[in-house]
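This briefing is meant to be read beside the sequence and the coordinates.

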Amino acid sequence: MALGPFSAKDHVVITTLGLEFAVAVSMGVAVGFWLDKKYSTFPWAMIAGVMCGFALGLYIIVKESHRLSQTEKITEDKKKNGSI
Amino acid sequence: MEVSETIAHHILDHDLGVMIGAFHLPITAHTLTMLGVSIVLFVVAVLLSVRGKSLLSRLLNTVGEEYVAFMRDGIVVPGIGKEGIAFLPYFCTLFLFILFSNLAGLIPQMKTITSNISVTGGLALCSGGLIVYAGIKTHGLWGFIKSFIPGGTPWWLVPLMFPLEVISLIIRVCVLAIRLFANMLSGHMVLLSLLLIIFIIGQMSKMAGVGAAFPAMGLEIFMTFLELLVAFLQAYVFSLLTSIYVGLVVHSH
């Protein structure tokens, strides 16, 4: 199902998704790098951190997309029922 | 002074070296600007709220009421719903503080304090605190903790989903801080770089420097207007995102 049309509120959330993904990966890198320094395991913890951050970023994007599509479905249903 | 040093001097915070006897007061350019913004905001809030019979007083009252109505109908109610009206004073303060802080950088001798990650981090932490407080107030402590687990999650996935959702919340707070910081810092750097183009080209040849001044100043004026727009936009986006995140926690069930 195609997404949209979106409200101004949804646009703000969508434009934030990219940054949320970037922050998730950066946090993974930072935690991995800190663990590598602490236990002298460079670069394995950092690689694991990148992978975990990437997975978390994808999880956030999928969850938000699902929530937005649900919001759109509710709006469509309301329009069909004539409540909007 | 080197170009990089000039940019760093204008953008980074620096200690003003205020001493009281042997005691060093850590007053920096950014804290001074923040104090100035707070005093201006206090005066503006008093002017907008004090009731009077004069035309100016009634005009200011109307402006204040319109502003609060805009915050309620444009940011708080769409993001949180009717439950969010209890948090309206926080959003009114947040929006005005960010807006005035963003605009302060356009005044000579003042700094854009929102181009300091510590300031935006502090504001984001306040918003994070509000998100947690709203969640606990609405659902209770146990209900708030349970709201981190999406409905229909099998029991064996709970140990994975709970930390994921908690980190998601932390990421949202970080994103609030980074978004405002990056937008304000980059705008300020572009303004400064455009001005420095004139001096860099002028070092090679004075006539070329004079020639470069016209397009550079044209771009500078354009960017200043863009910065004005960004100042309003980022204050709006920060407040709206906070309200959306609070709304997500309040309506999590």
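In this predicted model, B:Glu165 forms a salt bridge with A:Lys63, the closest N and O atoms being 3.0 Å apart, where a salt bridge is a side-chain nitrogen of Lys or Arg within 4 Å of a carboxyl oxygen of Asp or Glu. The pair crosses between chains, running from helix H6 of chain B to helix H2 (residues 44–81) of chain A; helices here are DSSP runs of H or I with at least four residues, numbered from the N terminus. The model is predicted, and local features need pLDDT of at least 70, side-chain atom pairs count only at pLDDT 80 or more, and totals for chains, interfaces and linings use all residues. Residues are numbered from 1 along each chain as its sequence is written, chains are lettered from A and ligands numbered from 1 in the order in which they are written, and side-chain values use heavy atoms, with hydrogens and water left out.

**Interface of chains A and B**

- In contact, defined as heavy atoms within 4.5 Å, are 21 residues of chain B and 16 residues of chain A.
- The two chains bury about 1,600 Å² between them, 72% of it on carbon and sulfur atoms, the buried area being the accessible area (1.4 Å probe) that two parts lose on being put together, summed over both.
- On the chain B side, helix H3 (55–79), helix H6 (158–204) and H7 each supply at least two of the residues that touch chain A, and the largest share, 12 residues, comes from H6(B).
- By class, that side of chain B has 16 nonpolar, 2 polar and 3 charged residues, with Ala, Val, Leu, Ile, Met, Phe, Trp, Tyr, Cys and Pro counted as nonpolar, Asp, Glu, Lys and Arg as charged, and the others, Gly among them, as polar.

**Helix H7 of chain B**

- Helix H7 (residues 206–250) of chain B has 45 residues and reaches 62 Å from its first C-alpha to its last, close to the 66 Å expected at 1.5 Å a residue, a span taken as 1.5 Å times one less than the number of residues.
- A kink of about 30° lies at B:Ala213 in H7(B), shortly before the proline B:Pro215; the bend is the angle between axes fitted to the seven residues ending at a residue and the seven starting there.

**Loop between H1 and H2 of chain A**

- A:Pro43 lies in the loop between helix H1 (8–39) and H2 of chain A, and a cis peptide bond with omega of about 5° joins A:Phe42 to A:Pro43.
- A:Ser40 lies in the loop between H1 and H2 of chain A and has a positive phi of about 50° although it is not a glycine.
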